[in-house]
Amino acid sequence: MTKTLTFKNEELAAVGNLLGNLSLKNKASRGRTKLIKLIKVKNEEYTSDRNDVLEPFIKKDKEGNNVEGDTPNMVVLIEEKQDEANAAIKEINEESAVIEFTEYSEKLKALYDAIVDYPTEFSNQDAVAYDLLMDQLEAVFENETEETK
């Protein structure tokens, strides 16, 4: 059976950052590393898709180059198209990113077991990311436990 985790595109970075900050050993650490790599691939797809969606809304200079904003790597959007651009960004942010991890199931199960009762308190964005991650891992591994009974 194929095993997957599903996040919104906009949630990928927060979950990846949370995983990177956890103190884990052995197989759980290896599971974390595999999951971070899978999340990174999905996040790169999302970033590329987001750039493609934004392209028609970016202000251009006389030479046809993107007009850069005050912040490095930020672009200026065409003022009249800001609402359209925001709607397009919102849509792509909320799209599902499905991560298939069947071949790493044993390692991700060890990760799940290690973080289900994680000894550190989470707050703010980490608490939200932990909740998202645990919802997804519980859906996979708790159903698996019930199916083997």
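Modeller: The model under discussion is a predicted one. With those terms in place, Glu10 can be located in the loop that runs between β1 (4-8) and α1 (12-21). Its relative accessible area is 41%, so Glu10 is partly exposed. Glu10 also belongs to a surface patch of negative charge, where it gathers with Asp49, Asp52, Glu91, Glu94 and Glu95.

Other charged side chains are paired. Side chains of opposite charge can pair when their charged atoms come close. Across the whole structure, a search finds 5 salt bridges. One of them joins Lys27 to Glu106, with the closest N and O atoms 2.4 Å apart. Because Lys27 lies in helix α2 and Glu106 in helix α4, this pair ties together parts that are 79 residues apart in sequence. Lys27 is partly exposed, at a relative accessible area of 35%, whereas Glu106 is exposed, at 56%.

Glu45 counts as partly exposed at 39% relative accessibility, and Lys42 is partly exposed at 23%. Lys60 and Glu55 form a further salt bridge, their closest N and O atoms being 2.4 Å apart. Lys60 is partly exposed, with 34% relative accessibility, and Glu55 is partly exposed, with 37%.

The largest nonpolar core has 27 residues, of which Leu5, Leu19, Leu35, Ile115 and Leu133 touch the most other members. At least two residues of this core come from each of β1, α1, α2 (26-54), β2 (96-100), α4 (105-115) and α5 (124-147). The greatest contribution is that of α5, with 7 residues.

Asn26, in helix α2, has a phi near 50 degrees, a positive value in a residue other than glycine. Asn26 counts as exposed, at 65% relative accessibility. Asn124, in helix α5, likewise has a positive phi, near 55 degrees, and counts as exposed at 66% relative accessibility.

Technical notes:
Residues are numbered from 1 along each chain as its sequence is written. This is a predicted model: local features need pLDDT of at least 70, side-chain atom pairs count only at pLDDT 80 or more; totals for chains, interfaces and linings use all residues. Side-chain values use heavy atoms; hydrogens and water are left out. Patches are made of residues with over 30% relative accessible area and no salt bridge: like charges are joined within 9 Å, nonpolar side chains (Val, Leu, Ile, Met, Phe, Trp, Tyr) within 5 Å. Accessible areas come from the Shrake-Rupley method with a 1.4 Å probe; for residues, only the protein chains shown count as cover. A salt bridge is a side-chain nitrogen of Lys or Arg within 4 Å of a carboxyl oxygen of Asp or Glu. Lys and Arg count as positive and Asp and Glu as negative; His and the chain ends are not counted. The place of a charge is taken as NZ of Lys, CZ of Arg, CG of Asp or CD of Glu. Helices (H or I, at least four residues) and strands (E, at least two) are DSSP runs, numbered from the N terminus. Buried means under 20% relative accessible area, exposed over 50%, partly exposed in between (1.4 Å probe, protein chains only). A nonpolar core is a set of buried Ala, Val, Leu, Ile, Met, Phe, Trp, Tyr and Cys residues joined through side-chain atoms within 4.5 Å.
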